[in-house]
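Have the structure open beside you as you read.

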Amino acid sequence: MLSTIAIESLKRRKTTAILTLLSITISISLLLCVDIIRTQVKTSFTRTVSGVDLIVGAPSGQLNLLLSSVFNIGTPTKGIEYKSIAALQSNKQVSWLIPLSLGDTHRGFRVVGTTNSFFDHFKYGDMQSLEMAAGSAFTQPLSTVVGADIAKSLGYKVGDKIIISHGLGSVSFNNHDDHPFTISGIVKKTGTPVDKAVYVTLQGLEEAHTGPKHSPTSMLGRKSADKAQEHEHEHEHEHEHDEHTKEHAVYNSEAFTPESVSVVMLGLKHRVTALQLQYQINQSKKEPLMAILPGMALAELWQIMGNVESLLLGLSGLIVICALIGLATMLLATMRERYQEIAVLRTIGAGPFTLLLLIQIEAMLLTIVSAALSLGLVAGLMSALKPWLSSTYGLFLSSPLFGQSSVIIILLILGCTYLVSLFPAVAAYRRGLHAGLNANS
């Protein structure tokens, strides 16, 4: 009966109740959005690279190795000799290997030397493979593949030529003008550091630094490239897509053996052997090496950045508290209008405690309806923005959206509602007592 009376009372103050309802709904929605984005960003951050079981480099610290290899930040480590790479490649536990050579830039963007295995095996998010928005992977030694952000900001397209520079500064006086690279592909937007990197072949990168390397493997790569170019000239302007496919099949980027690389990413046949292989690599006496688990390193890096999420959550919590204080203010402001209502309730036998409960029920009803509306609004908003968030910011929303933290937030809001509603409820209680005394007198 009290619930029915509370609903009818709110209907009589429809305009004020609706405005209060909207205020609380927006505040709770904001808090839930911050909580969801906080948890989902953490999940997406730890999946910036997925499918890679180990990252191996020279001993330089776990975070430094992670930042330089995955995020293209910081100074790359010294090189790993080819004999160590060959030993890792021949290890029975290793399924595939991605070599990375760092240390060059193009107009302020990092240049990464690698092979076509990078585009075959590197994954991000929910084990999503890299896809080409245009063109294909490396087709000849001086091929390059650029990220989506670079192509957009610099206006590049497939077939354009670029010059890379030695060093990591935004301005370099040591440009490799004699070895221009031709863009063979543009990676589709991923929302990860891949979008802001230039990928070149290890062979092309080494030739840019030292000139052509006349080794059997290098000659094989050069002859293959010449055949690919001859094939292209013979069939110019015909079946462009087929030509790219054939070129890719002719040029084997893995055939080239570099003297050294900066980092190696490993994929294992069985992930349960990652810790065992990590220990073996770290204890190797042939060459000082360091192997890290990407997931653990990313989690450690996130802990350093955890203060930002706490700040956002705190600010959203303050907004909700302000909205609840507004609820209490609304109920107090309408008490004068409800003197006649309180008098009628007292006449039909409602005690002061009943009036106190009535005010609290009204406040709880408004908050419960607001919470329900917020849950629906946030769920619909996140579903609609899911493709945009994944392509633009690399934020991959995973189910369920509302976890344990969301339940705790709703319960805390209901508890705060009960506390702030005590002020108008006590005012109604006192008004009820005063009305009772007047009636008795």
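## An aromatic cluster

Ring pairs join Phe 118, Phe 119, Phe 122, Phe 138 and Tyr 199 into a cluster. Keep in mind that the model is a predicted one. The count of aromatic pairs comes to five. One of them, between Phe 119 and Phe 138, is edge-to-face, with 5.3 Å centre to centre and 80° between the planes. This pair links distant parts of the chain: Phe 119 belongs to helix H5 (residues 117–121), while Phe 138 sits in the loop between strand E7 (132–135) and strand E8 (143–146), 19 residues apart.

Of its 36 residues, Phe 118, Phe 119 and Tyr 199 touch the most other members. Which elements each supply at least two residues of this core? They are helix H3 (62–70), strand E3 (94–106), H5, strand E12 (197–201), strand E14 (263–268), strand E15 (290–292) and helix H11 (294–304).

Let's look at Phe 118 on its own. Leaving aside residues up to four places away in sequence, Phe 118 touches Ile 98, Leu 100, Leu 130, Val 194 and Tyr 199. There is also a second, separate core of 34 residues, which includes Ala 17, Cys 33, Ala 323 and Ile 410.

## Helices against H11

Two helix contacts involving H11 are worth a visit. The axes of helix H2 (residues 14–45) and H11 come within 9 Å and cross at roughly 140°, which means that H2 is oblique to H11. On the H2 side the contact is made by Arg 38, Val 41, Lys 42 and Phe 45, and on the H11 side by Leu 298, Leu 301 and Trp 302. By class, the residues of this contact are five nonpolar, no polar and two charged.

H3 packs with H11 at an angle of about 100°, with the axes 10 Å apart, and therefore H3 is roughly perpendicular to H11. Here H3 brings Gln 62, Leu 63, Leu 66 and Leu 67, and H11 brings Pro 294, Ala 297, Leu 298, Glu 300, Leu 301 and Ile 304. This contact has eight nonpolar residues, one polar and one charged. Leu 298 and Leu 301 of H11 take part in the contact with H2 and also in the contact with H3.

Key
Residues are numbered from 1 along each chain as its sequence is written. This is a predicted model: local features need pLDDT of at least 70, side-chain atom pairs count only at pLDDT 80 or more; totals for chains, interfaces and linings use all residues. Side-chain values use heavy atoms; hydrogens and water are left out. Rings of Phe, Tyr and Trp (its six-membered ring) pair if their centres lie within 6.5 Å; planes under 30 degrees apart count as stacked, over 60 as edge-to-face and the rest as tilted. Helices (H or I, at least four residues) and strands (E, at least two) are DSSP runs, numbered from the N terminus. A nonpolar core is a set of buried Ala, Val, Leu, Ile, Met, Phe, Trp, Tyr and Cys residues joined through side-chain atoms within 4.5 Å. Buried means under 20% relative accessible area, exposed over 50%, partly exposed in between (1.4 Å probe, protein chains only). Contact means heavy atoms within 4.5 Å. Axes are lines fitted to C-alpha atoms, for helices over the stretch in contact, and angles run from 0 to 180 degrees between N-to-C directions. Angles under 35 degrees count as roughly parallel, over 145 as roughly antiparallel, 65 to 115 as roughly perpendicular and the rest as oblique. Ala, Val, Leu, Ile, Met, Phe, Trp, Tyr, Cys and Pro count as nonpolar, Asp, Glu, Lys and Arg as charged, and the others, Gly among them, as polar.
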